[in-house]
Amino acid sequence: MSTARLYNITKTLLSYGLDELIPKHKVPWFGKVARGSLFWLRNQHKEKPAGLRLRLALQELGPVWIKFGQMLSTRRDLLPHDIALELAFLQDQVQPFEGELAQEIIEKALEINDISELFSEFSQTPLASASIAQVHTAKLIDEQSIEQDVVIKVIRPNIYEQINADLALMEKLAKVLAKVHNESKRLRPVEVVKEYKKTLLDELDLMREGANGIQLKRNFEGSDSLYIPAVYSDYSRSNVLVMERIYGIPVSDTDALMAQNTNMKLLAERGVEVFFTQVFRDSFFHADMHPGNIFVSREHPENPMYIGIDCGIVGTLSKEDKRYLAENFIAFFNRDYRQVAQLHVDSGWVPPDTSIEEFEFAIRTVCEPIFNKPLAEISFGHVLVNLFNTARRFNMQVQPQLVLLQKTLLYVEGLGRQLYPQLDLWKTAKPFLEDWVKQQVGPLSVLKQMYANLPFWAEKMPELPDLIYQNLKRAPHIQPQEQKGSHKPLILSLFGSATMIMATLCYLQHDLIAASLAISLSAISFIAAWRSA
């Protein structure tokens, strides 16, 4: 990072008085000396609230800091409520760069002499401009010489150097904060910045965004709830992305939606269903679902369909995270606060020595007044904020892998309430989650796991007799009568397990007679093993 850039960042932060947000007793002596040495940099905005000063400073610093503030706005467990609300107003709309330069970038990336070789039309005036990239409209001439309406997303020139320099500074500041702040273990600033860095760098790779779009489109193929524009991979590069152009209505334009008699209740409920489907069915969800990235199809307003663009940020969850989240949501729906407390301990979100009784009582104290309202009036985001504030007292650590999920859930709820103020998020989500949990722990889930493991079992089954023999051969020498009594149940159980696998394989091959015989032998073996034990 250049000295000039470092000074500019320092000047901006101090001119907005952001150093005053840190309690003086928590500032180390060398920090006080450094601040005193910059005596000419004074707070120029004393009359403004702290949250507004922070937002204005981040906007002035540029794209990296704007997006970091946007991420922090969803971390209500890290920031005071008023500051988090102010950061939610951060916008990354910036002045576009020259259209001629965008055309040069496209021609160089696609290795063509003139843009007309691939595009019959290209608008040098951008359709939209953001902090990292801007979008131009064009007409693509495909391999069949058919014109396709497309948009071309182009990464801003020279953005990589500024982003890498600012990220390096953020990492250093996070390390300093981790050493001097008392709550650094819970806040985990180094991990938060690391997760943000990964997300931002992923967003700079448009080939990754294209791959995300292709995956989301495949997941919702044939769906009447969500449509993802096609990606033209052959004409895309790391800094240029060519996509199908869509002509939907911005989801924030409620007047236009009402004018075409859109079913607003169904539209709002589908937003919730799409979110939970992506999270729990696919483990792959669009994690940047703010209103600027969501449109509504103009076709079939009585059966409205969402259109999602800008798939640069996606989230994934492990099987364990999904299970704990689903069970936590259901426990909230049922007001089972002890289960919520227990799940937080089991998942490792709070220390294992946490008192379940005390944690349960704290959660009940916060949530019961909220639940006295009708469910349709309860903000799930507000419940999460209160839960995080409560968990802070029990040393709950920030979960970086859940940052995107929390942000997206807040977006979805806000969007749904904007479309249909009476939206009951709980009523819409609860049946979906209950059904998902049943599928994960019920007999159908067991059968699915057995089916998934069949190739492994089929490969290892010929080795089973040798493994049994070797295991018996290694057993200590004992009296014959005792040996017979100790190994017979084991052998019968192993034989029963093997014949059960054989029965499953035969059933999948539609050999019902062999399957019936094998399952009968398996049952007999287990009964004999039980009786001889």
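1. Arg338 is partly exposed in this predicted model, its relative accessible area being 37%. Its salt-bridge partner is Glu360, and the closest N and O atoms of the two are 3.3 Å apart. Arg338 belongs to helix 14 and Glu360 to helix 15, so the bridge ties together parts of the chain that are 22 residues apart in sequence. Glu360, with a relative accessible area of 14%, falls under the 20% limit and is therefore buried.

2. In one, the side chains of Asp149 and Lys139 meet at 2.6 Å, N to O. This pair links distant parts of the chain, with Asp149 in strand 4 and Lys139 in strand 3, 10 residues apart. Asp149 has 30% relative accessibility and counts as partly exposed; Lys139, at 22%, is also partly exposed. In the other, Lys198 meets Asp202 through their side chains at 3.1 Å, N to O. Both residues lie in helix 9 (residues 189-204), and because they are 4 residues apart, about one helical turn separates them. Asp202 counts as buried, at 16% relative accessibility.

3. The largest nonpolar core holds 62 residues, of which Phe276, Phe280, Tyr306, Phe329, Ile363, Leu419 and Leu433 touch the most other members. At least two residues each come from helix 12 (264-282), strand 9, helix 13 (319-333), helix 14 (337-346), helix 15 (356-371), helix 16 (380-392), helix 17 (403-419) and helix 18 (425-441). Helix 12 gives the most, with 9 residues. Another core lies apart from this one; it has 33 residues, among them Leu169, Ala174, Leu204 and Met243.

4. The surroundings of Tyr306 may be inspected individually. Neighbours within four places in sequence being set aside, Tyr306 is in contact with Ser225, Leu226, Tyr227, Val251, Leu267, Ala268, Arg270, Gly271, Ile294, Phe295, Leu415 and Leu419. Leu419 is, like Tyr306, among the residues that touch the most other members of the largest core.

5. Helix 6 spans residues 99-110 and has 12 residues. From its first C-alpha to its last it reaches 17 Å, close to the 16 Å expected at 1.5 Å a residue. Its buried residues are Gly99, Ala102, Gln103, Ile105, Ile106, Glu107, Ala109 and Leu110. These buried residues pack against strand 1 (119-122), strand 3 (133-141), strand 4 (147-155) and strand 6 (240-244). Just after the helix, Glu111 takes a positive phi of about 55 degrees.

6. Asn293 is found in the loop between strand 8 (285-286) and strand 9 (294-296). Its relative accessibility is 5%, so the residue counts as buried. The side chain of Asn293 reaches the backbone oxygen of Asp288 at 2.9 Å. With neighbours within four places in sequence left aside, Asn293 is in contact with His286, Asp288, Ile307, Gly308, Ile309 and Asp310.

Definitions and conventions
Residues numbered from 1 in each chain as written. Predicted model: local features only at pLDDT ≥ 70, side-chain atom pairs only at ≥ 80, totals over all residues. Heavy atoms only, no water. Buried < 20%, exposed > 50% of the residue type's maximum accessible area, 1.4 Å probe, protein only. Polar contact = N/O pair within 3.5 Å; in protein donor to acceptor, adjacent residues only side chain to side chain. Contact = heavy atoms within 4.5 Å. Expected span 1.5 Å × (residues − 1). Core = buried A, V, L, I, M, F, W, Y, C linked by side-chain atoms within 4.5 Å. Salt bridge = Lys/Arg side-chain N within 4 Å of Asp/Glu carboxyl O.
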